[in-house]
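Thanks for sending this one over. Here are my notes, in numbered points, for you to read alongside the coordinates.

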There are 4 protein chains.
Amino acid sequence: MLTNTHSVGVVRDAVIAWRVRKGKPDPTGYFWSLPVVAETYDGDLNDINGFHVLPRHVYGALERAHGGPIAEGNVGGGTGMICHDFKGGTGTSSRVVTIGTESFTIAALVQANHGVREELRISGVPVGKLMPLSATATPAPPKEQGSIIIVIATDAPLLPMQLERLARRAALGLARTGGYSGNGSGDLFVAFSTANPGTGQAAPATVRMLGNEQLDPLLLATVQAVEESIVNALIAAETMTGVNDTRVPAIDHQELQRILREYGRNASPPAALTQPLP
Amino acid sequence: MLTNTHSVGVVRDAVIAWRVRKGKPDPTGYFWSLPVVAETYDGDLNDINGFHVLPRHVYGALERAHGGPIAEGNVGGGTGMICHDFKGGTGTSSRVVTIGTESFTIAALVQANHGVREELRISGVPVGKLMPLSATATPAPPKEQGSIIIVIATDAPLLPMQLERLARRAALGLARTGGYSGNGSGDLFVAFSTANPGTGQAAPATVRMLGNEQLDPLLLATVQAVEESIVNALIAAETMTGVNDTRVPAIDHQELQRILREYGRNASPPAALTQPLP
Amino acid sequence: MLTNTHSVGVVRDAVIAWRVRKGKPDPTGYFWSLPVVAETYDGDLNDINGFHVLPRHVYGALERAHGGPIAEGNVGGGTGMICHDFKGGTGTSSRVVTIGTESFTIAALVQANHGVREELRISGVPVGKLMPLSATATPAPPKEQGSIIIVIATDAPLLPMQLERLARRAALGLARTGGYSGNGSGDLFVAFSTANPGTGQAAPATVRMLGNEQLDPLLLATVQAVEESIVNALIAAETMTGVNDTRVPAIDHQELQRILREYGRNASPPAALTQPLP
Amino acid sequence: MLTNTHSVGVVRDAVIAWRVRKGKPDPTGYFWSLPVVAETYDGDLNDINGFHVLPRHVYGALERAHGGPIAEGNVGGGTGMICHDFKGGTGTSSRVVTIGTESFTIAALVQANHGVREELRISGVPVGKLMPLSATATPAPPKEQGSIIIVIATDAPLLPMQLERLARRAALGLARTGGYSGNGSGDLFVAFSTANPGTGQAAPATVRMLGNEQLDPLLLATVQAVEESIVNALIAAETMTGVNDTRVPAIDHQELQRILREYGRNASPPAALTQPLP
């Protein structure tokens, strides 16, 4: 679960409570849970000390979890995010990689709440320097003080040690868009695989794995998916006025396209703009 | 804060809420908090899925925090602990070390919820084999499935890297009493220093540190304080009957002293027995 | 010391032998040394299994070590490097950062032996895709199989934990030029400070440190210096024909400048070209 | 390979040179090697700055490597070791563990060069305090300044992450005999499995693994095998007079047995004494 900095506790315990209601102890009668809940700070736009996230919001998120396209922008934990001093939020992206005769998906999900304006680059173009902060934000943040959560998911059969290698590559995708993990950052990278389900706990198991020398396409796909997820978070986010009338503008799509064209990029509208999620 | 596995969330958020009530944002107006809350599992003795820990319990613990002797045994997060299949709990111990002309204190606090009976040793005596499980516990736990939290506190001026070295030595004290950190263990070791208060955040600072070559007495004191803290947790704990009428007996003090004498140890009653805490 | 993969041993022991010749045991009479020697693989251009690095080369490097500008390109351990399928080598760069009323230098040194052509980007421009591999290299490497060593040096007073944070940012500079740390990479990042000399071993010390909240300029400077060091390694390197007549071309400066201009970059000749090192 | 502190380089490169002579590049024609060589300091008994270890000693060790019992005491890298201020050296021990219907071996090998006299305990008996240093060593070491290398080998099918957990338990075995990893320690723990040979590099593989919940016997066996290995290193070592006429006495077997009996241990002669290795 992803939420804001001061709601980690309520979200964590609610996940356990929800499981208690829905599930049963494991076959041994032993029942415990250590949910993974990550946070970024949304106190510029959210009344974070009002503690507005309640268990029922968590139950709702769990009940409504579904496959298929994921909502991006001002949704969920991403609602109050600020990214490179633009409105940020949730972003996602994926790559399909063929290894031998098989195809595997590498997907990234980010909760993007990091970055200073001047360092932002998109497709390598120094967009941040060309869309300076002074004209768009109130108040001007003094420095990089946010964080990003990056989740990498794959169906490739990877061992824990290999997944850890994927997680480390998340930082490289972050760097491509100008993130430098300032002092305040508590950037979190986590990776998991849906392969080999249900193995490795109570009994010997036979686990499928890719060879280490086959990992390069997955490592590169991780970097690319993270890079694109951050851009998607920026593109999908919408201007927000939050607590204390703080207003954080979304990145201007037309201006961004104009700049990208000027710098030699083919800047057709991203799918996120032409095919809005239902 | 230390609590049980399924109450980490409520305790964490309550610490923030308490600070919000009591405190003020930092001078920059920026206000956020990442409390440290650790857990061990007490579901054998506690109705852990009843979620009985409430914010008011946390506020009470914070309000009543004080200097001086620390309560041991069936208190706080240690209330429902089981250690080497005896009743466990909270334990503490300290050493005063002289380095040059100065004295420093190394203190350990444990929440002891780990260990199998057969492996327990006290002062090196194989107590666990001599006080076998069959006669004392219902039901017999199938295996090592608990954990221990170990907190090391000192007033010695140590850098973060040096404190990390202290934290690693906690495992060595655990080993001396027969802990082997079974698969289920989520053993947590944390160390902090009260020296150099208030430095190192917003401005250049001059920090006092001990030389690395002076650390040996502190490293050894850490091992000893942890070893003794675990024994103290066992000694101070009292027999408890908990949820589902599960009864976990405390270690028998007379029998323990008899065994220690038999194995050549001077087994006068520990101070914890002759000077009970108020 | 930086060398090739199969010469780490001879270099390491030669450093100790040189110190034995030059130095004396420490005041306690206790004398031991654990030199830091890092490696990248140069077996495509170097007869690596001929073991041509000898102790006298190490002594020479130590004797001739000096302050001031550092030679770049095909020198030292960087001699046989290949970077993004161009001739690589040693590169360096630095930034001067003002914090409060003081100036500090962050310097990077890289031994660049990593990267695939297609991923290379310089100043964000996808140079690699525009200077494809087929026309320039024999034989075509099948995949990313190299590594990079990145050394960060500073005179800023930082604690070990703060230096570790700098070292982690090295990866972000690597990412900016298109590195993705493929499976074969054994990328090594190390950081050290020249501040607080001679403290922290045998006696209590007073150490100067910057506040964590002052680190942002140093973190960003690290990313920038690493990015520029990699470019400098590519620019300074010269075409080489090595073992088995393998020829690795340097990047074409005119073509690179043409591409950068085409993509809107101000592409005046880098200082490395107009001010060759003596 | 295990050697002394100042010979790591020559041993490392000699392993590569030996492989070059004996072997061939891998099928891709790509040939490189990163041997693992660990060290402890033997400069009290060995003329460590004479650099007496030569490549031919390494070739000999590789040529004569064999299965079956391993020599203990003053052999190989263990020759000049000092352990708890007694003569130390190489020690080994193993456990056979049954999991389900299968048996697996956990073996430890130590190069024991650590510990102060006062802390030594054997089978939990405070042997070190009862065999004080003053009577046996010249000169008296001022403090704990050695290290131990611990290698854990198993044929159990474990993933890298599981092997890392075994390696961490090595510290617990060290603690049982009184090691506390003083400031000078560079204690190294490494674990490997001989199961699943040849998998995981160039192609997808099916890997066998034990379930995490089955690991407890292996974790405990690791602790026990390390504890016994250290004792075996002490028992097998013989009094040595080394460089500068420094004499380090072996532990006195009769005195040790007397003390163990006095403290209630059944002290029959260890197998190492009645069945010397051929």
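1. A definition to start with: buried area is the accessible area, taken with a 1.4 Å probe, that two parts lose on being put together, summed over both. Please keep in mind that this is a predicted model. Between chain C and chain A, the buried area comes to about 2,500 Å², and carbon and sulfur atoms give 44% of that. On the chain C side, Tyr180(C), Asn183(C) and Asp216(C) lose the most area to chain A, together 27% of what that side buries.

2. Counting residues at this interface, 32 from chain C are in contact with 31 from chain A. The rule finds two salt bridges across it; one of them joins the side chains of Arg176(A) and Glu119(C), at 2.9 Å from N to O. There are also 14 residue pairs in polar contact between the two chains.

3. Which helices of chain C each supply at least two residues of the side that touches chain A? They are α4 (160-176) and α5 (216-236). By class, that side of chain C has ten nonpolar, eleven polar and eleven charged residues.

4. Now for the pairing of chains D and A. Chain D is superposed on chain A by a rotation of 180 degrees with 0.0 Å of shift along the axis, at an RMSD of 0.0 Å. The two copies are thus related as by a two-fold rotation axis. The same surface serves both: 100% of the contact residues of chain D recur in chain A. Within chain D, Val207(D) comes closest to the rotation axis, its C-alpha lying at 2.6 Å.

5. Lastly, a look inside chain D. Helix α2 (residues 55-63) has Val58(D), Tyr59(D) and Gly60(D) as its buried residues, and α1 (8-22) of chain D is included in what covers them.

Terms used:
Residues are numbered from 1 along each chain as its sequence is written. Chains are lettered from A and ligands numbered from 1 in the order in which they are written. This is a predicted model: local features need pLDDT of at least 70, side-chain atom pairs count only at pLDDT 80 or more; totals for chains, interfaces and linings use all residues. Side-chain values use heavy atoms; hydrogens and water are left out. Copies are superposed by least squares on the C-alpha atoms of residues with pLDDT of at least 70 in both. Contact means heavy atoms within 4.5 Å. Buried means under 20% relative accessible area, exposed over 50%, partly exposed in between (1.4 Å probe, protein chains only). Helices (H or I, at least four residues) and strands (E, at least two) are DSSP runs, numbered from the N terminus. A salt bridge is a side-chain nitrogen of Lys or Arg within 4 Å of a carboxyl oxygen of Asp or Glu. A polar contact is a pair of N or O atoms within 3.5 Å; within protein, one must be able to donate a hydrogen and the other to accept it, and residues adjacent in sequence count only if both atoms are side-chain atoms. Ala, Val, Leu, Ile, Met, Phe, Trp, Tyr, Cys and Pro count as nonpolar, Asp, Glu, Lys and Arg as charged, and the others, Gly among them, as polar.
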